[in-house]
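These are my notebook entries on a structure that I consulted for the first time. I set down what I looked up, entry by entry.

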Amino acid sequence: MGAISHIGYNFLLLIHTFQFTNLTVLHSMNPEFFNRLHFHLRITGLACLGFLTASVSAQDKPAEFGPTYRRSWIGNTFGSGGSKNAKLIQNNVVAMWVAPDGRCFTASSWDEAKQEGGIYKDGDVVGSLPNLHPDEGGSWGMGVSAITGDNSSVYVGVGKKIRRYSLAGGHSAFEGGEGNAKNEFAVFKGSGYIWGLSSDSKNERIFATFRGQKTGAKDKTPASPAPPDEVAVVDAKTMKVLTNWPLPRAGRSAVAADGTLWIAQEADLSGGIAGKVIHFAPDGKLLPHAIADVQGFTPTALNFDSAGRLLIADNGPDQQVKIFDVSGEPKQVETFGTKGGIFSGTPGEVKPLKFCGLTGVGVDGAGNICVAQNRFGPEVNGSQGAGCLIESYKPDGSRNWQVHGLEFVDGGDFVPNTDGGQIYSKYTRYAMDYTKTALGSEWSYGAHTLNQFKYPNDPRFLHRNDHFDFSTTAFVRILSGKKFVFNTSMWARRLEVYRFNEATDGEIAIPCGFIRGGGGGLTNAPASGEHMWRDLNGNGNPETNEFSQKPGGGNAGGHADTLLGWWIDDNGGMWQGVTWNPNQLRYLPFGGLDVNGCPIWSYSTMQIFTAPAPFAGNGPGISRVQYSADTDTLYLTGFTSTEPAPKSYYVKLIGRVIARYNGFLAGNRSPTWVTKLWDSTGSGDKSPVSMRGAGDFLFVGYDGLPYQPDSGFVRIFRSSDGGYAGRLWAGPNASGRMDVTYGVSALQRSNGEYQILAEDDWYARQMLYRWKPSTEKPATPVVEAISGNSTVSLKWKHAPGASYYAVERAEKIDGPYTTLIHDSEAPGFFEAKLTNGVVYFYRVTAGGPAGVARSVPIRVAPSADKPIKIDCGGQGYGDWSADAYHDGKHPFVTAATIDTSAVGAVPPKIYQTGRGGVFSYKIPGQVPGRSHLVRLHFSEHEVGLVAWRKFNVSVNDVPVLKEFNIGKETGNRGNAAVIKELPGIKADSKGEIIIQFTDAARFGASVSGIEIIPN
């Protein structure tokens, strides 16, 4: 079987070499190393889609030394993530243009993974438009708001500019073009954004509509007025404005075969003005035959089909595509889609042709109709939408394909009594089928639960444009035999309560309660002070007499953002954690359901507890709460006097400790145990932001830095003693971001399997972990220590029952010991920059769900007279240490048999790993000026490059190998080992030996091992 290659610079060789069968072999050899390799491939931008797709399949198995778990996802058709070019459905769609060949080009006002411009065909992701995210040259605010195309180009509205791309998705520069790619032009002046684009291919011109916005005030300076809404005609070749004219509330447009323009003039609900579509000549002259006086008409997208009929996406109550004959006086001749859309039939139930939030419509050359939806529709105030749904239908209404993406901040929960069979997120119900084996196939989109037409004051709809206050994550409970969904906002400023009535509302979640630690947040809410709303008349809309306020007035802790710890227990009790001023825990007993089926809580029955130790003080203190009513067990997370909040504290953090209290309501205020939660930075990134318990374990979700292999974990703790049990990692095909305060939920199924949901913020989905904990207590690791020059390498065999390892070091056998690593899945550890001649003691702990086992201390002393042996790209073997001292670029591994006949006793395994590309090693800790023998170990794994790979090597900036060719040294044989010895290498004044590998023939360098031997 062929070798698995490292990254070269020849992309065609990558495609040839990384075959699925080879990936499977590599994964079976060393899954964790495979995952790290995939990460390094990913960040280079060279990994092809085929490789990414294959690697997802290969990762069905967990890491070799990790817990036994399967990672999948819900909410995204593909969700592979991993790079900006990976298969992924964006988290929103506000506009769409359909090319004759069936490709759907989409625009999103925001996409967390920086894919504001997507390209889809036949239910697949076939590309994207680059550099549309605000930090890549896009526009902050509305972002990407319009898109169209013609026979040669795609045009995107970015702020007040039009940007041009090729049909293949690349930048398309033009003379006089602005921006880094010289492919954009500012069509309009003043603050605002392009709201609609349409193309007249025949006459080579583009029509753009503009919505002006007033700028905000500074100090005492009043805000500037908004520029007028207007229409501009642009030459498609020169991108220059030909003419323009004013048009209030200018919306989306379409060009007829005769070159005239039809423009939607959007409704002004505040002024009682209905939406309409009006007719213009190309020079701006108003023509007759407007489409108006249609009740509830909300035109959000226009397009013409091949028969010259005008298709209008109506995002009003009808939720349909309406088709007009406009050859004379406009006449509606047909509709496409079920009248009432998602709210027809069983409201909320998902079926073909039940549209929801129409944002785009187009027809391809075969007559297929494509419809884009985001559950709300495009809005001039910049709504993020509620996800992405793109569908293609035949003219007869049968569906060709659909793709689905979740909104980027969305967390779900399992419905009790369904054994994990149903999941609710803030807008959506998913049905689960665990018999399906393909990754991401277990879920199906079952229902949409928001009806803004019937319940316009639903907080999910009211706050859809508030970045820090829109709804994000859901809890699901069964109270008095009825199902309820509870939503929090992104930073947990409130708790929303929803009930269900299938007879009247089908799948729609009916607003029935709202709790907030400060004023506002809901229609008719008190302007200040803590308050609750309960829907006393059952109509789902808040009214002034339905609010109650906490006696004494004021906000919780002096500020609404301090009421962060929300929990509804299985008996319906509501728990609240007040983070500071003063730091409190509150409990509101469940009062049953009222006549309308709304849960009852009252400030008059609230019990207030001073925050128990160790959370006493004014905070920040308690951040999260979970209570088990059947055992009277309370779990709290937060900050303490000994584990305080960082200076960069913000409300997403759950704190640095978890504490358990047995018999809390019975009177116990002393913790049974307290466990410290580590984080890498003390701030938001790589820090704990969510906690949920299920069965015998607590699951803590960590935020992470995108594309980093050591972030984005869910860490597992035993609920019995707080001991660490291992971690779940989303793998290299996930972002590692968890951007909400309640991003994790968990369930233990009847078969003993744990199901864990974790928000994957960048990739518009939720990770789904399926985990069966080992019941075997880990065996005590037997550790071997190898000393080197200023280094120590530890090795041990995998301990059965272990899911992680911790390493400690001391300078005395009885301590004190310092923890060096606490969460490793590899059976080895390497440490450098130690002091030669000093005796060190090391202990290794093997831990897992069933407990821990610690090794006896092992004594070791580094010495300047001992050689350094580095297993480049590998985890170490024999007296060779794991890879270290490198700059982090491009490790590789092969399964090929290596011919070591020319290198003597060097283990063949050393030549099965390596590091490739352009990279360097900086080996410290040597005696300045001392002479060394440097031995470099090579083997060419790219058989096709035996005669072609050439590279240069220098040591401390002195060239030692020029245009070195491994194949030439091995007689033009691949997978054969060779050593090059470099005598007389002196350490520099810092005691460092720096070895640099640079390219000489575009295929990169390669090395498998390095020895540094003092003379």
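**Entry 1: a loop residue.** I began with M490, which lies in the loop between strand 31 (482-489) and strand 32 (494-499). I kept in mind that the model is a predicted one. Is M490 buried or exposed? I found a relative accessible area of 2% for M490, and M490 counts as buried because that value is under the cut-off of 20%.

**Entry 2: the whole protein.** I next turned to the totals. I noted seven helices and 69 strands in the secondary structure. Of the 1015 residues in the protein, 63% are buried. Among contacts with a separation of 6 or more, I read that 57% are made by residues 24 or more positions apart. The protein exposes about 36,200 Å², and carbon and sulfur atoms supply 51% of that area.

**Entry 3: a sheet that includes strand 1.** In what order do the four strands of this open sheet lie? I recorded the order 1-50-49-48, with antiparallel pairing. Strand 1 (69-74) and strand 48 (744-748) are the edge strands, and each of them pairs on one side only. From one strand to the next, the twist averages 20°. I then followed the pairing of strand 49 (residues 754-760) with strand 50 (residues 765-771): seven bridges join the two, and they run antiparallel. Within this pairing, I756 stands opposite Y769 of strand 50.

Entry 4: I looked up another open sheet, whose strands follow the order 26-27-28-29 and pair in antiparallel fashion. Its edges are strand 26 (413-414) and strand 29 (443-448), each pairing on one side only. How many bridges join strand 28 to strand 29? I noted five, between antiparallel strands, with strand 28 covering residues 428-432. Here T428 stands opposite H448 in strand 29.

**Entry 5: aromatic pairs.** I found 38 aromatic pairs in the structure. One of them joins F713 and W729; the pair is tilted, at 6.4 Å centre to centre and 45° between the planes. The pair links distant parts of the chain, since F713 belongs to strand 46 (residues 713-718) and W729 to strand 47 (residues 724-729), 16 residues apart. I checked the accessibility of both rings' residues. F713 has a relative accessible area of 3% and is buried, and W729 is buried as well, at 5%.

I then examined Y754 and W771, an aromatic pair that is also tilted, with 5.5 Å centre to centre and 45° between the planes. This pair, too, links distant parts of the chain: Y754 is in strand 49 and W771 in strand 50, 17 residues apart. Both Y754 and W771 are buried.

**Entry 6: a ring cluster and two charges.** Which residues do ring pairs link into a cluster? I listed W575, Y587, F609, Y627, Y661 and F664. Lastly I looked for charges placed over rings. The charged end of R464 sits over the ring of F461, 3.7 Å from the ring centre. The charged end of R843 sits over the ring of Y817, at 3.8 Å from its centre.

Terms used:
Residues are numbered from 1 along each chain as its sequence is written. This is a predicted model: local features need pLDDT of at least 70, side-chain atom pairs count only at pLDDT 80 or more; totals for chains, interfaces and linings use all residues. Side-chain values use heavy atoms; hydrogens and water are left out. Two strands pair if DSSP finds at least two bridges between them. Axes are lines fitted to C-alpha atoms, for helices over the stretch in contact, and angles run from 0 to 180 degrees between N-to-C directions. Rings of Phe, Tyr and Trp (its six-membered ring) pair if their centres lie within 6.5 Å; planes under 30 degrees apart count as stacked, over 60 as edge-to-face and the rest as tilted. Buried means under 20% relative accessible area, exposed over 50%, partly exposed in between (1.4 Å probe, protein chains only). A charge sits over a ring if NZ of Lys or CZ of Arg is within 6 Å of the ring centre and within 35 degrees of the ring normal. Contact means heavy atoms within 4.5 Å. Accessible areas come from the Shrake-Rupley method with a 1.4 Å probe; for residues, only the protein chains shown count as cover.
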